[in-house]
Amino acid sequence: MTLVGAGPGGADLITVRGANALRQADVIVYDRLADPELVDFAPAAAERICVGKGKGFGPSQSDICEVIVSRARAGLHVVRLKGGDPFVFGRGGEEVEAVESAGIDVEVVPGVSSALGAPLLAGISLTDRRLASSFTVLSGHHCAVSDHDWHTSAQSAATLVVLMAASTADAVAQRLIESGRAPLDPVAFVHAAGTDEQRVAYCDLTETARRGCPFPSPTVMVVGPVAARTTSPQMPSIEDRLLASVAG
Ligand SMILES: C[S@@+](CC[C@H](N)C(=O)[O-])C[C@H]1O[C@@H](n2cnc3c(N)ncnc32)[C@H](O)[C@@H]1O
């Protein structure tokens, strides 16, 4: 079995190794974040199984593992295709464990995570050395929002990249402000990065706490001075962004 990261959106953002695995697949098991065009990389005769999950629908994790194990045991080359990087908030590690414990060899092919790819495709440099020296990737999933140590994130000078926050961005922003992050800290939302549907919106933490995320999933939320609106990715208005962060 080969577990392949599809990249952040846009079929041509997969790695060469990942594309080669798809071309040799007997079975593709894919989720809804992987670009649909990637499924066409597989031979016409390959079996195509969509296991996309959403709120309240889709197969369970154990059902997905069962599908993979049953096909692999029959001697078929199964390619499990997951959006972004399979080990970043993707439960890829659990799938590898389940398949290996059934005695099946697994190769893992990394992908460009949306945590990195979505900001870049919107012209946001996560560690622009004039504005941030590190970044932290967080989950905005509602369980993670209640469990997370918001104080540490709020006090840190790191850029924050929040995945799965389309329906929790208001709560995330509220907790960051309550924990001491500057209320005017810039926020950018990048929706459907790398696809024809890509959209970017800019605001600040206060507005986000009031109005939430302007886009549905999949959207990446970026918090920090690097997330301020720029006229062009190549020509950031550094003075404005520094002023905004000081004012916050
Ligand atoms: C379950 S996580 C999986 C992350 C994936 N493993 C990765 O590395 O990108 C799903 C979240 O990834 C983000 N995401 C994935 N693809 C995206 C895209 N093309 N544009 C914006 N956000 C994306 C969204 O925050 C979405 O809610």
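I started with Ala192 and its accessibility: at 12% relative accessibility it is buried, because the cut-off for buried is under 20%. This is a predicted model, so I read every value here as computed from it. Ala192 sits in the loop between β8 and β9. I also checked its backbone: phi is near 50°, a positive value in a residue that is not glycine.

Next I looked up Phe89, another non-glycine with positive phi, about 45°. I found Phe89 in the loop between β4 (78-82) and α4 (92-101).

Then I went through the peptide bonds. The one from Ser217 to Pro218 is cis, with omega near 5°. I placed Pro218 in the loop between α9 and β10.

On to the inside. The largest nonpolar core holds 21 residues, and I noted Val172, Leu176, Val187, Phe189, Met221 and Val223 as those with the most contacts inside it. Two or more residues of this core come from each of α7 (150-155), β7 (159-163), α8 (169-178), β8 (186-191), β9 (199-204), α9 (205-211) and β10 (219-223). Which element gives the most to this core? I got α8, with 4 residues.

Last, I turned to surface charge. I found a patch of negative charge made by Asp12, Glu37, Asp40, Asp196 and Glu197. Asp12 counts as exposed because its relative accessibility is 68%, and the cut-off for exposed is over 50%.

Note on methods:
Residues are numbered from 1 along each chain as its sequence is written. This is a predicted model: local features need pLDDT of at least 70, side-chain atom pairs count only at pLDDT 80 or more; totals for chains, interfaces and linings use all residues. Side-chain values use heavy atoms; hydrogens and water are left out. Patches are made of residues with over 30% relative accessible area and no salt bridge: like charges are joined within 9 Å, nonpolar side chains (Val, Leu, Ile, Met, Phe, Trp, Tyr) within 5 Å. Accessible areas come from the Shrake-Rupley method with a 1.4 Å probe; for residues, only the protein chains shown count as cover. A salt bridge is a side-chain nitrogen of Lys or Arg within 4 Å of a carboxyl oxygen of Asp or Glu. Lys and Arg count as positive and Asp and Glu as negative; His and the chain ends are not counted. The place of a charge is taken as NZ of Lys, CZ of Arg, CG of Asp or CD of Glu. Buried means under 20% relative accessible area, exposed over 50%, partly exposed in between (1.4 Å probe, protein chains only). A nonpolar core is a set of buried Ala, Val, Leu, Ile, Met, Phe, Trp, Tyr and Cys residues joined through side-chain atoms within 4.5 Å.
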